[in-house]
Amino acid sequence: MRFSIDRDRFVHDVQNVTKAVSSRTTIPILTGIKIVAHSEGLTLTGSDSDISIETFIPKEEEGSEIVRIEEQGSIVLQARFFAEIVKKLPGDNIELIVQDQFATTIRSGSSVFNLNGLDPEEYPRLPQLEEDLLFRLPQDILKNVIRQTVFAVSTQETRPVLTGVNLETEDSVLICAATDSHRLAMRKAAIEKNDEGLTFSNVVIPGKSLTELSKIIDDNNELIDVVVTENQILFKMKNLLFFSRLLEGKYPVTKSMIPTQSKTTLRLKTKPFLQTLERALLLSREGKNNVINLKTLNSNLVEITSISPEVGKVTENIETQMQGEEMRISFNGKNIIDALKVMDSEEFDIVFTGAMSPFVIRPIEHDHYLHLFSPVRTY
């Protein structure tokens, strides 16, 4: 195998596929990146058996040559070294040559690296998915959906299904939910379906997969195709395929958790409230419980307090518009901060149904997402 390629384009695509490669895999071949040179261009693949990423680099794009393939073939190279090498090569072009016994030479400018490759025949094949049912949505919206849900997945492996984000469809709307059983983030997005018969529920994507996907997708409104099968999901972009396995198990029914009535509603400004909570947590961080107490003083003032017996106490009043009855409640401040950080709205409502019942945070400017929190019992 022998080819030369534009360095910047190669570095970009190598870094994309490296996101799927894990150093902790028990299958030695999966510590590598598979490179295939064929008549149309180059295909790069990285996988850790949970996530697989394949990118395609065409021979030319918009009239300019990107890859010149002199000899077709394939090789697997150790991702850890290879990704660092191509990033630091001095020239604008990279030449890669594979000889007998998978000995690989990489040349760029005055620099020459010789690497020992692995047998590409040992590399597992990517799943072949039936693509007759799929839906589409813009990349920037998908990126936002991930940002506004993935932070709420569980980090505990005791209930593996909660370490993922659940997807379901309702008409032409995608509903994504993440919960760790103390909080819930729910986001809706309009989608285009290629077949009205496409409906699914209980499709749970590992949070880790979505975090990696969101690093790859662009902030533009180009459409991304999504194919769901029984145990795999595929995100298809122009020259990139992103596969992830799905989590097994029954995801909790989250819609029924959201309260429909309210006793008290507070309207607050997002940034000042976020900063108040961050100050309040300065003292309670030591206790690891992050407990913050909220008390309504009157219809336009709320008192926020946090007490750490060993350290001290902080009290702060913040302006609000209140509807309903007086309220006292305690909650995990860090969870609320996480939610406010992903909120694209200058103001939001907190809706309480009682001191011991879950409460909802909704942005005022949109109705396509909400956050639900369990209060903390303080005696």
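In the predicted model, helix α2 spans residues 79–88 and buries Ala79, Phe82, Ala83, Ile85 and Val86. These residues cover an arc of only 165 degrees around the axis, which puts them on the same side of α2. The face turned away from this buried side carries Arg80 and Lys88, both exposed.

A helix pair was examined next. Two packed helices are described by the angle between their axes and the distance between the axes. Helix α3 comprises residues 139–149, and helix α4 comprises residues 207–216. Their axes come within 10 Å and cross at roughly 140 degrees. Angles over 145 degrees count as roughly antiparallel and 65 to 115 as roughly perpendicular; α3 and α4 are therefore oblique to each other. The crossing of α3 and α4 is left-handed. On the α3 side, Leu142, Lys143 and Ile146 make the contact. Leu210, Leu213 and Ser214 contribute from α4. By class, four residues in this contact are nonpolar, one is polar and one is charged.

At the level of the whole chain, six helices and 29 strands are present. The C-alpha atoms fill a box of roughly 80 × 55 × 40 Å along the principal axes. Of the 379 residues, 52% are buried. Among contacts with a separation of 6 or more, 66% involve residues 24 or more positions apart.

Conventions:
Residues are numbered from 1 along each chain as its sequence is written. This is a predicted model: local features need pLDDT of at least 70, side-chain atom pairs count only at pLDDT 80 or more; totals for chains, interfaces and linings use all residues. Side-chain values use heavy atoms; hydrogens and water are left out. Buried means under 20% relative accessible area, exposed over 50%, partly exposed in between (1.4 Å probe, protein chains only). Helices (H or I, at least four residues) and strands (E, at least two) are DSSP runs, numbered from the N terminus. The arc is that of the directions from the helix axis to the C-beta atoms. Axes are lines fitted to C-alpha atoms, for helices over the stretch in contact, and angles run from 0 to 180 degrees between N-to-C directions. Angles under 35 degrees count as roughly parallel, over 145 as roughly antiparallel, 65 to 115 as roughly perpendicular and the rest as oblique. A crossing is left-handed if the near helix is turned anticlockwise from the far one by less than a right angle, and right-handed if clockwise. Contact means heavy atoms within 4.5 Å. Ala, Val, Leu, Ile, Met, Phe, Trp, Tyr, Cys and Pro count as nonpolar, Asp, Glu, Lys and Arg as charged, and the others, Gly among them, as polar.
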